[in-house]
Amino acid sequence: MAFNRIALMGTGSLGTILGAYLSKGGVNIDLIDVNQAHVDALNKNGAHVIGTVDITVPVHAITPQEMEGEYDLFLYMTKQTYNDTAIPQMVSHLAPGGYICVFQNGIPEDAVSKVIGEEHTLGATVGWGATWIGPGVSEATTIESDWYFNIGTMNGEITPELEELKALLENMCRANIETKWMTARWEKLLANVAMSGMSACLGCTFGDVLDDPHSLLCAQHLARECVRVTKGLGYECAYNEGIQTTIDKIFDFHNEQEKKMGSDIAFMVVWGTGHRASKASMLQDLEKGLKCEVDAINGVLSSSGRKCGVPTPVSDKVVEIIHEIQDGKRTPCWDNLKEFDMFDGVEIRQE
């Protein structure tokens, strides 16, 4: 079907930027958000993107209560913590045969597809970072040349709707079609559990995680746990273009030499270039006093590990620490790194 009427649900750090570029490209799109001050600022001043770019684009923003009629496509960028509210709101305004494209972290397609069906659910992962600054303003933290989306259908089929989604997103940056979508999802989850998990625990940027040997080691162990769970669930490991090999060969190290040859280099190449200034969206939520998506990110890795019998001790610790931050028992800070002392090389030596 043609996407004649489009909405972007969840205009936070990422959604503000995507909404700006789609509007700049002439796409007729409604930006939907529950934050009335943000909606008002977007309508009055436009979407202002700062950081690695600086643009201001007129946009049309509304609250969910102001939605009217039906949309052929929702770009779903709300945090998974709001699924119980946001999904019914979208479904009540989804045109017959319409589509929802899920941009969320973790493995989010199931929550949408069980309501509208797999055939009407599209997936997208975001290959760039952003920080919400305030009403109407979002900061791009990844250099523009490194921006990309990966997109796909749940069964891997390339459909006319997927091709139309690709053309739509390329108003902003390149969009790569993935025919093994769940493999792509787990590859993105690896980045989130490793870099975002440590960023949220320590209250720092991705660059800070990379620069400290202990936090980098923790991130490498998180990546290895994700690779082993991915294989334990029966999914194929993705091929990483930046390193020119498969993800498991990079991150599933068994000794210090393999770690240095693979994941040491990979972390610096993949995250040590255009993403150093990025701060995990989980951390951004914690700093605002909000609950974050840890259960949909590191929590999914831990629960999936239990399902397939793969230990995930570092991810389990990340989940524990972030829950304690949410409960007010600790803060995101470098003191939390002490909680990972028991993982500092022990598992490598045992192997």
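**Exercise 1. Find what S304 touches beyond its neighbours within four places in sequence, and place S304 in the fold.**

Solution. Leaving those sequence neighbours aside, S304 is in contact (heavy atoms within 4.5 Å) with W186, V229 and L233. The model is a predicted one, in which local features need pLDDT of at least 70 and side-chain atom pairs count only at pLDDT 80 or more, while totals for chains, interfaces and linings use all residues. Residues are numbered from 1 along each chain as its sequence is written, and side-chain values use heavy atoms, with hydrogens and water left out. The next step is to locate S304, which belongs to helix α13, where helices (H or I, at least four residues) and strands (E, at least two) are DSSP runs numbered from the N terminus. With a relative accessible area of 12%, S304 is buried, a class that means under 20%, as against exposed for over 50% and partly exposed in between (1.4 Å probe, protein chains only).

**Exercise 2. Describe the second largest pocket by its volume, its lining and the helices that supply the lining.**

Solution. A pocket here is an open set of points on a 1 Å grid over the protein atoms alone, where a 1.4 Å probe fits and protein lies on both sides within 12 Å along at least five of seven lines; lining residues have an atom within 4 Å of a point. The volume, meaning the space filled by probe spheres set on points joined across faces, edges and corners, is about 250 Å³ for the second largest pocket. Its lining has 13 residues, and I107, D110, W186, V300 and S304 lie nearest the centre. At least two lining residues come from each of α4 (109-116), α6 (181-202) and α13 (298-308), and α13 gives the most, with 3 residues. Sorted by class, the lining has 9 nonpolar, 2 polar and 2 charged residues, where Ala, Val, Leu, Ile, Met, Phe, Trp, Tyr, Cys and Pro count as nonpolar, Asp, Glu, Lys and Arg as charged, and the others, Gly among them, as polar.

**Exercise 3. Work out how E320 and K317 are placed relative to one another, and which network they join.**

Solution. The side chains of E320 and K317 meet in a salt bridge at 3.4 Å, N to O. Both are in helix α14 (residues 313-326), and since they are 3 residues apart, about one helical turn separates them. E320 is partly exposed at 36% relative accessible area, while K317 counts as buried at 13%. Finally, a network of salt bridges links K317, E320, E324, R330 and E339.

Conventions
A salt bridge is a side-chain nitrogen of Lys or Arg within 4 Å of a carboxyl oxygen of Asp or Glu.
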